[in-house]
Amino acid sequence: MAQATIKERKSLSAWLSQEKVFRLIPFIMVEATFLLLLAIPFMLTIYISLLKWRANRPFEQAYFHGLLNYVRVLTTEDFWWALGRTFYFAGTAVFFELVIGFLLAMLAYKQFRGRRIYITIFLIPMMVVPVVGGYNFSMIYIDSGPLNQILAPITEAMGVNPRIRWLSHPIAAQWAIIIADVWQWTSLTFLIFLSGFTALPQQLTNAARVLGASRWQIFWKVHLPLLKPAIMIAVIIRSMEALKLFDLSVLLTFGGPGTSTETIAFFLWRQVWQFNKYSFGAAASIILLFIFGALIFYGIYLLVRERSIVEEESMR
Amino acid sequence: MKRIFLATLILMGITVFVASTAIAAMMVHPGKTVEERAINGAKAYIKKHNLKNPKQTMLLISLFKNSQPKYLRQWKKLTGVDMGSIQYGYTDIPAKIMAEAVAKTGQYDVINHFPYVIPDAVGAGTLQPLDAYMAKGKPDFTGIDSGLLAQQKYKGKTYWFILDGDHLALFLRSDIMKAAAKEYKAKFGKEPGCPDTMAEWEQMAKFFHTKKGQTRWGMKFDQPLYGAQAYRSINFSYRHFPAYVGGLLFDKNMNPTINTPNGIRAIKEFTSIVKYMPPDVQGWGTPQLYPHWGSGQAFSFMSFPSAMGYANRNPKSKISGHQLACPIPAVKGASGKMVRRAPQAAGTGYMVNAHSKHPELAYYFIQWFTGPTQGDIAIADPAGFWDPMRASNLTNKAVLDKHTEPFVKMTMKNAKNAISLLMIEGNYEYFNVLDKNMAQVMQGNISAEQAAKNVEKGWNRITEDIGRKEQIAAWRASVASGAYIDKFAPTN
């Protein structure tokens with residue numbers, strides 16, 4: 001019996017050590033991981049989205065519902081409002097993150113004393129856990145808190161009430177979230193732009209200078225075109241993240257006042273975890289996947305195009 | 001022959017009745033009190049199932065983290081059951097309950113939460129009906145008003161034991177009323193005091209609303225005095241709104257009653273008083289409202305009963321000893337009569353997880369802890385947030401010492417008006433539709449009429465989504481139980 005087992009093991013290891021089999025092992029492992037982590041949950045989400053299932057009824061009572069969940073999502077006003085709000089938050093925040101990150105990187109890539117310290121400081125916000133960042137901002141935004149104290153001389157001079165209701169006024173609350181997001185994630189755009197600036201070929205700058213180009217011309221005609229791929233990367237990465245905005249909305253305002261800070265992620269969370277609408281949530285997730293997927297693929301297409309243009313230009 | 005047959009039949013009937021009564025009596029655990037029967041029931045259960053060092057867990061609202069553990073230790077001393085606790089904020093617990101419905105882990109044996117989680121949790125199969133255990137333990141609910149008691153049941157079965165009379169009340173600043181009494185009387189022909197109606201409360205809020213820097217009634221106001229404060233944010237508005245309706249939110253066929261003259265009146269009254277409240281009120285919950293009340297910046301506060309204790313005991317409070325507790329003001333309700341309705345906005349209680357390994361053992365804990373004697377001890381606990389709810393609280397010295405006699409008297413009077421929040425499946429979604437539209441009205445984005453239409457449409461959509469037939473059955477059962485005091489109009 002024992003001998004038979006040893007024989008079997010030997011033949012198995014011999015079979016595995018064949019090159020044609022051995023080569024397949026990593027491939028199978030990658031495929032299995034893909035199936036386990038992506039394909040199966042994705043298929044399950046699609047399956048649930050086609051059912052009529054609220055968690056307040058046992059799953060055994062769920063039944064096939066066709067595409068009605070999708071129709072419901074698409075005809076739910078709040079879904080579109082939340083989506084619109086998310087694009088507004090993401091668009092505004094990413095714009096400021098790009099501008100500020102770019103300016104900081106422009107300053108920091110030049111050699112000066114204490115440069116490393118500044119770079120480290122600029123990168124700290126990104127390392128803060130979002131929950132901690134959100135909590136800190138909730139303290140900063142209190143009506144009688146530090147931000148209003150700092151702004152008081154300016155607001156009072158402008159005849160504005162110095163007690164800005166950062167978290168309880170519908171518009172101020174939206175900006176409170178945008179500011180917190182900008183604070184936290186400008187570090188990332190800064191990092192991307194800094195690496196972009198550092199990678200700029202010095203010969204091109206020198207050549208432009210020899211040819212009599214001004215600083216502005218060098219920046220506009222040489223640096224900026226070369227930085228386009230970095231800009232595209234920053235836009236894509238940050239947009240992908242910003243469209244998932246959830247933690248700040250929960251921590252600072254819990255979607256309020258009213259629904260003024262309810263993002264699409266928050267909307268989904270509420271539908272699934274508060275209202276128990278699992279199949280509705282699954283359908284909404286699939287719709288969002290298509291919307292966001294289309295945007296991201298378009299972004300990647302632009303990035304690839306920019307890269308090939310830059311590469312073509314550098315080949316000339 | 002006929003007579004003999006009849007006599008035999010009667011005799012048999014009597015025998016069956018006596019025998020069943022005797023068997024039922026034998027089934028009841030020994031003990032003179034509710035608590036003794038619960039302890040003996042737990043001991044008998046442990047013995048019968050031969051459990052060694054039994055351990056159980058409670059899913060506990062984190063608000064009770066300082067008060068509940070000592071009772072869990074006491075339970076261990078009494079029965080040997082080691083009851084631990086896992087604490088979450090009360091907004092997180094409903095999701096945990098629903099996750100349990102899917103996972104069926106039995107990780108929590110006892111669940112501590114509000115009654116409005118019952119319909120969804122029962123639908124999902126997470127809650128254990130307690131009636132069979134109650135037959136053995138014989139709990140006693142005498143002295144608890146019907147509106148509070150009705151929340152324990154859903155579709156005719158008991159799932160929840162109450163230990164918290166957390167229905168809304170109104171608190172006024174007695175010091176300011178005293179100072180302004182003359183002027184107020186000259187204007188309104190009566191001394192300021194507990195308002196009879198919501199309209200009168202708003203009138204008082206308007207009168208007492210004072211800007212920063214003003215000098216009134218011989219007092220200089222260095223900070224503004226807001227005429228009123230109350231819960232007006234998402235996740236809270238729905239707990240207060242029923243006080244303004246003074247009737248049922250649906251007719252007997254689950255058609256919303258909000259888009260009616262009475263519903264629109266309720267929305268207008270609910271939102272109108274906001275102009276005398278702090279401008280931030282739409283973003284405030286308890287952590288903001290209680291300190292603001294204690295800071296003396298408001299004249300009146302419609303709130304959970306614990307607001308008064310908070311403002312009396314908090315060392316930073318500027319209004320300690322200067323509060324007058326009032327029952328909920330009346331509104332001209334759907335019936336056309338003046339009615340007072342105090343929503344049981346946050347009353348906590350205890351349930352048993354249907355997936356617990358030992359649900360009966362978990363039951364005995366909740367019978368013991370919510371019993372008339374033990375429950376009163378908890379209500380008197382200085383570290384606890386359990387509010388008076390039994391008639392016995394009126395004479396219990398420890399309860400009176402903690403809550404003060406005028407307050408206990410008021411809240412027990414107010415308990416007669418206590419009503420449940422909506423006890424049907426998907427209630428949280430119904431609440432959210434209401435909250436969102438109230439927020440829109442308060443922000444001036446839509447009119448009360450438009451909000452009424454929106455809410456009606458949203459509520460109908462939810463009803464259709466869950467199943468109108470099921471919702472009608474649950475709604476009629478909860479109305480019949482007396483949970484909302486009001487009944488269907490005869491024409492319905």
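**A strand and its partners**

Student: Which residue is the bridge partner of B:Ala169 in S11(B)?
Tutor: In S11(B), B:Ala169 has B:Ser303 as its bridge partner. Helices (H or I, at least four residues) and strands (E, at least two) are DSSP runs, numbered from the N terminus, and two strands pair if DSSP finds at least two bridges between them. Please note that this is a predicted model, in which local features need pLDDT of at least 70 and side-chain atom pairs count only at pLDDT 80 or more, while totals for chains, interfaces and linings use all residues. Residues are numbered from 1 along each chain as its sequence is written, and chains are lettered from A and ligands numbered from 1 in the order in which they are written.

Student: How many bridges join S7(B) to strand S11 of chain B?
Tutor: There are 4 bridges between S7(B) and strand S11 (residues 300-303) of chain B, and the two run antiparallel. S7(B) is also joined by 4 bridges to strand S12 (residues 323-326) of chain B, again antiparallel. Within S12(B), B:Leu170 has B:Cys326 as its bridge partner.

Student: And is strand S7 of chain B mostly covered or uncovered?
Tutor: Strand S7 (residues 169-173) of chain B is mostly covered, with 5 of its 5 residues buried. A residue is buried if 20 or more other C-beta atoms lie within 10 Å of its own, exposed if 12 or fewer, and partly exposed in between, with C-beta atoms placed from the backbone. On one side of S7(B) the buried residues are B:Ala169, B:Phe171 and B:Arg173, and on the other B:Leu170 and B:Leu172.

Student: Next, helix H9 of chain B. Which residues are buried there?
Tutor: In helix H9 (residues 198-208) of chain B, the buried residues are B:Met198, B:Trp201, B:Glu202, B:Met204, B:Ala205 and B:Phe208. Seen down the axis of H9(B), they fall within an arc of 160 degrees, so they line one face of the helix. The arc is that of the directions from the helix axis to the C-beta atoms.

Student: What do the buried residues of H9(B) pack against?
Tutor: Their partners in chain B include S7, helix H8 (174-188), helix H10 (237-245) and S11. Here, two residues are in contact if their C-beta atoms, placed from the backbone, lie within 7 Å.

Student: Changing topic: what is the strand order in the open sheet of chain B?
Tutor: The open sheet of 5 strands in chain B has the order S2-S1-S3-S16-S6, with mixed pairing. Strand S2 (82-88) and strand S6 (161-162) of chain B stand at the edges with a single partner strand each, so one side of each is left without a neighbour in the sheet. Strand S3 (residues 110-113) and strand S16 (residues 349-352) of chain B pair in the antiparallel sense over 4 bridges. B:Asn112 stands opposite B:Tyr350 in S16(B).

Student: How is chain B divided into domains?
Tutor: Chain B has domain 1 (30-162 + 349-384) and domain 2 (167-344 + 419-492); such bounds come from an automatic or database domain assignment. The C-alpha centres of these two domains of chain B lie 31 Å apart. Their contact takes 16 residues from domain 1 of chain B and 17 residues from domain 2 of chain B.

Student: What about the contact of chain A and chain B?
Tutor: That contact takes 20 residues from chain A and 24 residues from chain B. The side of chain A that touches chain B divides into 7 nonpolar, 9 polar and 4 charged residues. Ala, Val, Leu, Ile, Met, Phe, Trp, Tyr, Cys and Pro count as nonpolar, Asp, Glu, Lys and Arg as charged, and the others, Gly among them, as polar.

Student: Where does A:Ala93 lie?
Tutor: A:Ala93 lies in helix H5 (residues 77-108) of chain A. With 26 C-beta neighbours inside 10 Å, A:Ala93 counts as buried. Leaving aside neighbours within four places in sequence, A:Ala93 is in contact with A:Ile178, A:Asp181, A:Val182 and A:Ala242.

Student: Lastly, where is confidence lowest in chain A?
Tutor: In chain A, confidence is lowest in helix H1 (residues 2-16), at a mean of 76, and highest in helix H4 (residues 68-74), at 96. These values are pLDDT, the predictor's confidence in each residue, from 0 to 100. Chain A averages a pLDDT of 89, and chain B averages 93. The model scores ipTM 0.78 and pTM 0.84.
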